Amino acid sequence: MEFIKRFEDRAPVYAKMYHESIIDRFSLVGGRDEDLKQKTGRYFSNIYEIYTYSALLGIKNNYRIPLEGLITKDFNKIRYWQPNELVRFVFMALLTKSDLNLNLVEEMEEKDVEREITKLKNLLEEYTNGGFDIIYSKIKETPYFFENEYCFLELLELPLNDFGSKKECF
Amino acid sequence: MTKEELLREFLMDDLVEQKGYMTKDEVAKLKFVDHSESKLITTLKVAILDKEKGDSVDTVARKLNKFLNQ
Amino acid sequence: MILKSITLINFQCYFGEVTFEFKEGLNLVIGDNGAGKSKLYDAFYWVLYDRVFDSMTREFQLTAHKDIRKNLVSDKAKAHCAPGESVKTSVEIVVLNPQKGDEYILTRTYSVARTESGTWREPTESVQSALFKDKYLDARPVPQVDIESIRRRILPDDVKPYMWFQGEQVDSLIDFKRNDTLTRAINVLSDISEFDFYEEVSKKAYETAEKDFLRKGRQMSSNASKNDELASKLERLRSELERLEEERILAANNLTKAREQKEDLLGKLEDAQRIKDLSSKSSEFKARLKETDERQNKMKAAINKNLFTRNWILKGTGFLVDAYAAKYDEYTRTRMKKEAGQEAQKQAMDEILKSFRLPVDVPEPIFIQQMLEKERCLVCDREAQKGTEAYNKIQELLERSKSHKQKVKPEPITKNDFSNEFKSLYQNGLQLQGSINQVDHEIKITVGEILELETKYKEIKNELEINEKEIMDIVDVSQISTIESSISIVIEFRSHDNAIIQYEKDLQRVEIKKEERASEINTTEEELRSLAIGKVPKSLEEKVQVLADFSAIAKSTRARVFNRLIEKLEEEANKHYFNMTAENKSVRGRIKLEKDLLGNYMPKNFDSAGLPLSSINDSNIILIKLAVIMAIISAKRSSPAAQLYPLISDAPTSKFGDNYAIGFCRTASEVYSQSIVISKDFYNNSDLQNRLFDEVGEKLGSVYVIEPSLSAEEQREHRDELEVRVTKIK
């Protein structure tokens, strides 16, 4: 399990600007009171949960934004994220989005493999950043949207066309 | 109610048969214009006709008394 | 007469011009409380009688009344009236005589003027006018003197109370506390007053004749003093009897009152119990609400959990699996090619071995060993003795075999082998794709379940509100604020019970005395008469006899006719009552018109065994009253008011459930050829409306819905913005 394991050893980062407005607002790490969580709109129990959600949101909509110039924060290594199948699914999705050639990487030296892994991690961060941007602009446009418990379910309905190549940055 | 119906209504009372004036069958066949010997019946007719004129209770009572004096 | 239409202009809460058009059959005007129902009723009343209901005195007062004048013209219209100008209100009805085809148009107008300083000048009189349109539609004004008779033609005074009535009036029309309530009704129904006349006439004629007889008798009497003695005794007895009769009436009144108060208290006690029952029902509803709410919250919470536990987060990502499959496919092909390269080397080797006419597949060393031992090639079945070339080749083969095996050991085709990982990603994707396909369906089901719970919540909440309102209504009416006050009611109840026993004794005593006096009077009269018999002319004796008979017959006939009317009324009332309660057969009983202590008839409720039903059932009381009102009208065969005049009613069936509303309307549609029912029951309830429309069928006339432009709170602050919105729905 060399390849995936290298990836799982990384700890991705996110833009600090989203910490209060999204991460902190919608997740409550720890805490047993589920009712309170739901009532206060904190639907996610972990940072990686909302991170994964945003990553998939960005990937699905083919929307990524580089983290350059942005102050970032990090959190858990991917290895600790749950559930594992979901993490692998995300990794699989990243592979489809990247230009990495699976056969070539098998011929690479160790340091080159690491470099590719880093590229994949960056890709993850960029798509997640895109996902956060989608959520953030929704908060700005229709703030009451998030007062409804179904809000994150509804965001999944977003059609792919909205964020297609228009906002593809590179 | 017509005058005839009114007359019959009175005469259909049980007291009429009891006191021997008329039977109920006879009453059913009775017409207002029929001549009758019975003082009761003629009194009734007078009362009915008099009311028609719009007279008061006192007036009609007096008239009845006068009528029966003959 | 068919009431074709009514047009209101700036009348009370109706701003501007509003017209309601009516047909034969059942016409409905539906509106919630405060929408303008009673004001519409006022409009009918005002145009005909110059009166409007005053909620302070709870009576219909003339326009001249200061509280009436102030409020006749719509506030909104007044607000638009500038100082120095005037504004008016008017109501117009169009009444059609279907037999003749001619119409009457009755209008009443009232104007107020705004002074420069902003106050209002309100005259004390309204103005009435009428138009007559014959069947050729030529219209001509009706002279003022004739308007009164037109009014009576539209609705005669004696039937009016039973054809046009409002909710509050139902109670007083058939007031269980007013003894002559049915007597008045019977008068409407029949010519009973005629029989009263004859009773009086005959009595008077007899008394005169009797007096005469006795006087003559005294004149002719041999025993004048005895005559006088008896005569004065008779007079004394008669006045005593009169006094006893007064005493009896008093005792009967006291007893009736005491019984009523006891019933009242009984009602309050029952109310207290009912309040208790309703309160516990409320608690039950609240508990169910809480439970539903909690379930809903749990399900909503689960939604966000499901993002991860049921992979809902992967909604719509199936295409990613396909994309990866393509990439993985390409990868495996390339990899296979590399493997194929290795395979080619192997093939080349096999060719070499073929040349030795040995199997392409190089035999195992043990097989070759066997051949060496046997000194025989087992492949071509030839000798291969030790030392021969064949033997040497076989030995060489052994060497090659060993080294071949070493050579054919799979060499890694790539530097790094991530094939298993890439494969596991592919398999992971495939597995999750199964979930992804289900996600949409699952979400739909879960959201559907949540919405169902929401609907259920609303339903329970609605029932709770109705329940709470019922409690408040009972509390208002009975003034019981807590369960504790019912204890003092019990104490009061007991004291009334004792009073009743006392009054019953009193009454009995008086009645016995009366009987004694009456028989004494009879004996004395007999004595007096016997003194005169034989002394007076036969004709006088005869006269007295005939008039006595007449008097007796007149009295008996009147009673008989009256009883017949009561029976008829009872029969009709039950017919209507059964019709109205057809959907609620369980506790209705039968109506019986019972004679009370004072000789008056009152409607009572009895069960099938003839036992009185507890009179506490409010819903039944109102229905009984309504049934009796309808019976008064429908029983009069001679001039069928029900066919001739429209029923206009704002009947209070709303307290007692939807079924009674339907029952009442249905019965009205069957009894009256035109009815206009102003009701709250059908408001915002299209199910109930449709049920009614089905029931009534062809007999359905027009249906309107009225709504105020402002809510109750808004009305308090912005009275001059209030108007009524009228919508015709059928």
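**Packing, step by step**

Mentor: Start at the N terminus of chain A: the elements run α-β-α-α-α-β-α-α-α-α. That gives 8 helices and 2 strands. Helices (H or I, at least four residues) and strands (E, at least two) are DSSP runs, numbered from the N terminus. This is a predicted model: local features need pLDDT of at least 70, side-chain atom pairs count only at pLDDT 80 or more, and totals for chains, interfaces and linings use all residues. Residues are numbered from 1 along each chain as its sequence is written, while chains are lettered from A and ligands numbered from 1 in the order in which they are written.

Chain A has 170 residues, and 37% count as buried (20 or more other C-beta atoms within 10 Å of the residue's own, with C-beta atoms placed from the backbone). Take its contacts (C-beta atoms within 7 Å) with a separation of 6 or more: 80% join residues 24 or more positions apart.

Now the cores. A nonpolar core is a set of buried Ala, Val, Leu, Ile, Met, Phe, Trp, Tyr and Cys residues joined through C-beta atoms within 7 Å. The largest has 119 residues; Ala43(C), Ala627(C) and Ile632(C) touch the most other members. Helix α15 of chain C, residues 538–580, gives the most to this core, with 12 residues. Look at Ala43(C). Leaving aside neighbours within four places in sequence, Ala43(C) is in contact with Ile6(C), Leu8(C), Phe11(C) and Val91(C). A second, separate core has 59 residues, including Tyr43(A), Ile78(A), Leu120(A) and Tyr324(C).

Terms used. Buried ≥ 20, exposed ≤ 12 C-beta atoms within 10 Å, placed from the backbone. Contact = placed C-beta atoms within 7 Å.
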